[in-house]
Amino acid sequence: GTAGGSVVARDMVSRCALALILLAVLGARATEATLPAAGAASDAEKISSEFSRRLQMSREGEPAREVDDYHYVFSADCKPYMEWQSVALYYSWVSAGAPGRFTRLLSCDEPNYPYVNSVPTHVTPLYTNIDPNDPYSAYNLPGSMMHWTQHNRTDRKWIIKLDADMIVRKPLSVTAGLEAEEGLVAAGIYGYLHGVDNEMAPMFVPADVVPRLAKVGGWEIFWASDLVKAAPLWFEYTKRVRQDPRAWWPFKGTGDVYITKESPRPWISEMYGYVFGTAMAGLRHNVEPSAQLYAGMAPWDQDSFDPFLIHYGLRIDIGDWNWDKHYELQGNAHRDKLNCELPYYPFPMVPKKHWPGSHHGTLFQPGQEEARRVEIVMELMLALNKGIRAWRHVHCGEPWPEGLSSKGLEHIVGEVMDDHAEHRAKGDGHEFERRRQHPRVKSEAEMAHIEHVQAATKAKAGEDSASTKSKPAPVVGGRRAG
């Protein structure tokens, strides 16, 4: 009864959040010009094609690309539910062109966690219980960011922070309309953070900082040193908001519909911790409402019609078919999708009866919103299955299913390769030390695989060293929202 009620409540809240996001997006776009004419749309298509071409140009021995100078990071904890999301996100990044670097920030206190190597990983302490009176798993996000920036320094100019329940469709870039620069962070919109512009903000930040506050979250592009500066403040202000009774029920200024007398602390304390912490660090935000599309949501403009990211945090409904990531918590067979000893239970695909009559391309045209909505959901479910299948192909030796598209993953399906070979060979800071102290038994297939990628890494060491000596100057372009 209690679990069922919480699922229903979560579904209702998710729908409220979706409506708020849509209202915020439409409001942000209300002052923009009308859709471009056919000729202008053709130019946009050419630009998109040129961008895609440049993504595929540079490989070993070729000039470095601007789009390679990004380090993608996200936070997770050590549960099977988070594991399949981590793997799906990683392989979507690989499929999109594998630019730059990728690191999962794993908050984990299990010394022999079997999937510490599932994707490139930096292990951090578990921050959930820093307040013994209030277990709060969202502490892990700013805590892991702070730990990573203090124990590792990326060699990339930009850091892209994502959520685990996202799929990368195309590489994010400050030259592709997502304007950012030192001191200016590109970010998605969280329109329900009402405390940014009501009486809550002065509770936590000085008056001169309030103008820098923005209703943002989900994904961000940071100048690398900006995140190093902001991460400790993000963590500190998360604790302040979460532990300050002034922000608890019955105060309604946070915009958090979860709070009750029995559960008075706002779940979105971490989101405010980010907003207040980055503002205190002196950072401003370029709000980009259309870079991500929530799966199940109809696009509203050209950018959302062909988004960089798919976010699947909400229930998806298409006709009589529906799916929610929380469904994967139900039933033992579905929980551990990476266990080679268990059969793989695929994510459900959209039934053929709901498929659009034809593919509508990536250029926004009025009247095609519903068809495109379905196409994006189909793309999401395919990406989830491809990601897990690719992982099981590499680590379990399972054959690639006949009929399943391997686009973007041909180098993995055709020849078993590990795209994070460098991380496996060199380790990643704290994670490497942890593996040394608590080794786990690896299968013969996995050992053979690791030996293969280590040999490949050593063979390329000279080229990698030479390529890092010259780096492209930072290029800031695109459009500033607002």
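**Exercise 1.** Among contacts in the protein chain between residues at least 6 apart in sequence, what percentage join residues at least 24 apart?

*Solution.* A contact means heavy atoms within 4.5 Å. Of the contacts in question, 74% join residues at least 24 apart.

The model is predicted: local features need pLDDT of at least 70, side-chain atom pairs count only at pLDDT 80 or more, and totals for chains, interfaces and linings use all residues. Residues are numbered from 1 along each chain as its sequence is written, and side-chain values use heavy atoms, with hydrogens and water left out.

**Exercise 2.** State where the pLDDT is under 50.

*Solution.* Begin with the term: pLDDT is the predictor's confidence in each residue, from 0 to 100. The chain has a mean pLDDT of 78, with 71% of its residues at 70 or more. Next, residues 1-60 stay under 50, and residues 456-482 are likewise below 50. Where pLDDT is low, the predicted coordinates should not be read in detail.

**Exercise 3.** Describe how helix α3 packs against helix α10.

*Solution.* First locate the helices (DSSP runs of H or I, at least four residues, numbered from the N terminus): α3 covers residues 80-95 and α10 covers residues 369-395. Their axes, lines fitted to C-alpha atoms over the stretch in contact, lie 8 Å apart at an angle of about 95°. Therefore α3 is roughly perpendicular (65 to 115 degrees) to α10. Finally, list the residues that meet: α3 contributes Trp-84, Val-87, Ala-88, Tyr-91 and Ser-95, while α10 contributes several, including Leu-384, Ile-388 and Trp-391.

Notes. Axes are lines fitted to C-alpha atoms, for helices over the stretch in contact, and angles run from 0 to 180 degrees between N-to-C directions. Helices (H or I, at least four residues) and strands (E, at least two) are DSSP runs, numbered from the N terminus. Angles under 35 degrees count as roughly parallel, over 145 as roughly antiparallel, 65 to 115 as roughly perpendicular and the rest as oblique.
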